[in-house]
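Please look through the sequence and the three-dimensional model shown here.

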Amino acid sequence: MIIEEQLSYSKVQLPNGLDYLPKKLRYLHWDTYPLRTLPSNFKPKNLVQLNLRLSKVEQLWEGEKACVPSSIQNFKYLSRLDFMGCKSLRSFPTNLHFVCPVTINFSYCVNLVEFPQISGKITRLYLIQSAIEEVPSSIECLTDLIVLDLRDCKRLKMISTGFCKLRSLVDLFLNGCVNLERFPEILEKMEHLKRIYLGHTAITELPSSFENLPGLEVLFVEDCSKLDKLPDNIGNLKSLRYICAAGSAISQLPSSVADSNVLRILEFSRCKGLVSLPRSLLLGLSSLGRLNIRNCAVMEIPQEIACLSSLTGLHLSGNNFESLPASIKQLSRLRSLHLERCKMLQSLPELPLCLESLDLTGCNMLRSLPELPLCLQSLKARNCKRLQSLPEIPSCLQELDASVLEKLSKPSPDLIQSLESAAICFEFTNCLKLDGKANNKILADSRLRIRHMAIASLRLGYEKAINEKLSELWGSLIVLPGSEIPDWFSHQSSESSICIQLPPQSFCGNLIGFAFCAVLDSKKVCSRCKCDWYVIFQSDLEIKTLSETKYVDLGFSTYSKYSLDSDHVILCFKPCLNVGFPDGYHHTTVSLKFFNECYRNQKGHKIKRYGVCPVYANRSEIKANTFTLNFGTEVWKLDDLPSASGTAASEFDSSSDEGELYYSFDEEELEPSP
């Protein structure tokens with residue numbers, strides 16, 4: 001955000017200057033103060049805060065810039081001094097002493113060249129984007145300093161070793177100091193320093209005296225293009241849990257890192273010199289939770305990757321290996337695996353059972369996928385040009401436990417009806433080899449896939465309701481090349497809406513959701529649309545009883561930023577467990593509308609055809625306290641409904657001459673879990 005946007009401008013103008021400010025003044029907050037100085041007779045002994053942000057002030061008092069009247073050298077009560085954005089400020093008094101803990105802000109004072117010569121209990125000192133060239137030895141008197149922020153001080157070239165006297169320092173920000181080439185030697189232990197940010201500096205090495213930082217937890221040296229190694233003893237720091245060296249010249253890690261039992265995150269993305277992961281290093285990092293070596297030049301992932309037993313996130317995108325070791329299955333805590341743009345990757349081994357997210361976007365050599373873990377919620381296989389088949393449907397399709405439906409069917413004040421995306425989403429955008437012969441099998445299996453994903457999404461919603469005390473009725477979705485809607489979708493149309501009449505109330509009580517389908521045209525309606533496709537499924541249930549009419553909105557939307565190289569099919573399931581159908585006689589109509597409105601009402605890809613099918617839960621005849629999911633292949637059509645003038649009894653009598661009920665179930669049941 002631009003600094004000026006955060007401030008309230010004063011419109012007060014003082015063409016004749018300012019002669020007087022009260023001696024008892026405690027708070028002076030005057031953004032855009034219009035004068036060069038404060039009144040010469042102002043003695044702010046009682047001042048608690050002085051804020052003159054974005055003002056025209058050049059010095060505090062008239063006369064000698066380097067000093068202030070001796071009567072006010074000691075600020076006894078001042079807790080905040082803020083000159084942020086005072087572009088005319090070039091120097092600051094040298095004899096100021098602060099008795100109380102104080103925060104001082106000279107950020108964006110772009111002409112402030114000298115480091116402030118101040119003393120006392122300064123706890124936070126901000127000099128972001130100032131013009132200082134050196135941090136002098138006098139800084140050692142600031143022993144109460146907790147935060148020193150020198151970000152983007154592009155003229156800064158040197159920091160005195162007196163810096164190590166800052167015994168209270170916790171956070172040091174030097175990122176963006178592009179002319180800073182050396183980090184000072186740390187001649188004394190700095191027990192409290194926890195975080196050092198050195199990103200985008202010209203530093204060539206870090207001193208071995210880093211071992212005098214026993215409390216260091218976070219080290220950022222990202223985009224330090226001249227830094228080719230870390231200190232050999234850096235792994236001996238007992239508190240260091242996060243190292244980010246993304247975009248640096250580092251080609252290998254010190255062997256001491258393998259001895260760390262607290263290191264949680266290693267970020268080495270874009271380190272083009274990194275071509276391998278030392279096996280000895282992997283053997284020792286049992287505490288590591290996230291490893292990021294995205295866009296390096298790694299040729300092989302060792303079997304020892306399995307030794308990273310605490311790993312939850314693994315980012316391997318943009319590397320040159322052809323396969324992953326079979327041992328990766330042993331990563332029992334791995335939740336996300338990123339393999340985007342691994343253009344040499346030809347195959348995948350069996351994946352960890354707990355994996356929730358897998359990104360294979362742009363893996364051009366990949367031809368097939370293994371059976372997917374049952375926990376998988378997100379699969380992105382966009383632009384996998386050689387992928388010829390979808391992963392096998394798990395052999396142990398699970399039935400749905402009665403407790404899941406019972407929990408999710410109860411109205412809850414915490415209930416969230418998600419309008420964006422889906423709990424489970426599998427994308428095969430532009431995997432063009434899936435079209436043609438492979439597409440026939442995909443269409444034949446589509447009902448099984450939607451059933452399995454529907455069960456998985458309901459189980460996920462149940463787990464969130466139990467573990468997080470939050471009910472989330474999210475659906476499931478799959479996107480793949482194709483131009484046909486599967487035959488099992490009981491209602492299909494090329495129009496923008498479909499109306500259907502649900503069967504009698506005995507069946508409505510078992511309704512748990514709807515399966516939707518849409519065929520997207522590869523041709524864009526509007527080439528300027530930034531979002532390549534955005535489909536809105538608007539579903540409205542109208543439930544009529546003898547006494548009232550109830551409306552329920554079940555709509556949701558899905559989108560992608562990837563353009564389509566051919567027609568694509570979207571298959572989704574949207575639950576509606578908490579509708580609350582009345583127990584007695586009722587008449588239920590479903591009105592469905594489809595939109596492809598997008599960014600600023602522009603339209604991306606045209607929707608050629610739509611389909612919808614209700615999904616029901618029926619008690620299993622095989623396993624107690626479980627349900628199977630079935631799809632309604634036919635329901636009452638709105639055009640077949642009796643006229644409104646008929647009696648209530650005849651309206652829903654399937655033997656009535658005024659309309660016939662065509663309704664059947666897909667009786668195929670889920671296999672019980674082994």
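Arg-279, Glu-300 and Glu-304 are linked in a network of salt bridges, where a salt bridge is a side-chain nitrogen of Lys or Arg within 4 Å of a carboxyl oxygen of Asp or Glu. Side chains of opposite charge can pair when their charged atoms come close. The model is a predicted one, in which local features need pLDDT of at least 70 and side-chain atom pairs count only at pLDDT 80 or more, while totals for chains, interfaces and linings use all residues. Residues are numbered from 1 along each chain as its sequence is written, and side-chain values use heavy atoms, with hydrogens and water left out.

Helices (H or I, at least four residues) and strands (E, at least two) are DSSP runs, numbered from the N terminus. Arg-279 is partly exposed, with a relative accessible area of 41%, and Glu-304 also counts as partly exposed, at 21%. In these terms, buried means under 20% relative accessible area, exposed means over 50%, and partly exposed lies in between (1.4 Å probe, protein chains only).

How many salt bridges does the rule give? The count comes to 17 salt bridges. One of them joins the side chains of Asp-31 and Arg-53, at 3.1 Å from N to O. Asp-31 lies in the loop between strand 1 and strand 2, and Arg-53 in the loop between strand 2 and strand 3 (74–75), so the pair ties together parts that are 22 residues apart in sequence. Both Asp-31 and Arg-53 are buried.

A further salt bridge is formed by Glu-356 with Arg-335, whose closest N and O atoms are 3.8 Å apart. This pair links distant parts of the chain, 21 residues apart: Glu-356 is in the loop between strand 17 (336–338) and strand 18 (357–359), and Arg-335 is in the loop between strand 16 and strand 17. Glu-356 counts as partly exposed at 32% relative accessibility, and Arg-335 is partly exposed with a relative accessible area of 34%.

The loop between strand 1 and strand 2 also holds Thr-32. Thr-32 has a positive phi of about 60° although it is not a glycine. Its relative accessible area is 15%, and Thr-32 is therefore buried. Asn-430, another residue other than glycine, has a positive phi near 60°. Asn-430 lies in the loop between strand 21 (424–427) and helix 3 (437–467), and counts as buried because its relative accessibility is 2%.

Lys-45 belongs to the loop between strand 1 (27–29) and strand 2 (49–51). Is Lys-45 buried or partly exposed? With a relative accessible area of 48%, Lys-45 is partly exposed. Together with Lys-23, Lys-43 and Lys-76, Lys-45 forms a positive surface patch. Patches are made of residues with over 30% relative accessible area and no salt bridge, like charges being joined within 9 Å and nonpolar side chains (Val, Leu, Ile, Met, Phe, Trp, Tyr) within 5 Å.

Two other loop residues may be examined in turn. Thr-204 is in the loop between strand 11 (195–197) and strand 12 (218–220), and counts as partly exposed at 39% relative accessibility. Leaving aside residues up to four places away in sequence, Thr-204 touches Glu-181, Lys-226, Leu-227 and Asp-228, a contact meaning heavy atoms within 4.5 Å. The C-alpha atoms of Thr-204 and Cys-224 are separated by 7.9 Å, with the two residues 20 apart along the chain. Glu-392 is placed in the loop between strand 19 (378–380) and strand 20 (400–401). Glu-392 is exposed, because its relative accessible area is 53%. Its C-alpha atom is separated by 7.6 Å from that of Leu-372, 20 residues away along the chain.

The whole chain may now be considered. There are 5 helices and 34 strands in the chain, and of its 674 residues 55% count as buried. Among contacts between residues at least 6 apart in sequence, 54% join residues at least 24 apart. The accessible surface of the chain comes to about 30100 Å², of which 47% belongs to carbon and sulfur atoms; accessible areas come from the Shrake-Rupley method with a 1.4 Å probe, and for residues only the protein chains shown count as cover.

Note on methods
Lys and Arg count as positive and Asp and Glu as negative; His and the chain ends are not counted. The place of a charge is taken as NZ of Lys, CZ of Arg, CG of Asp or CD of Glu.
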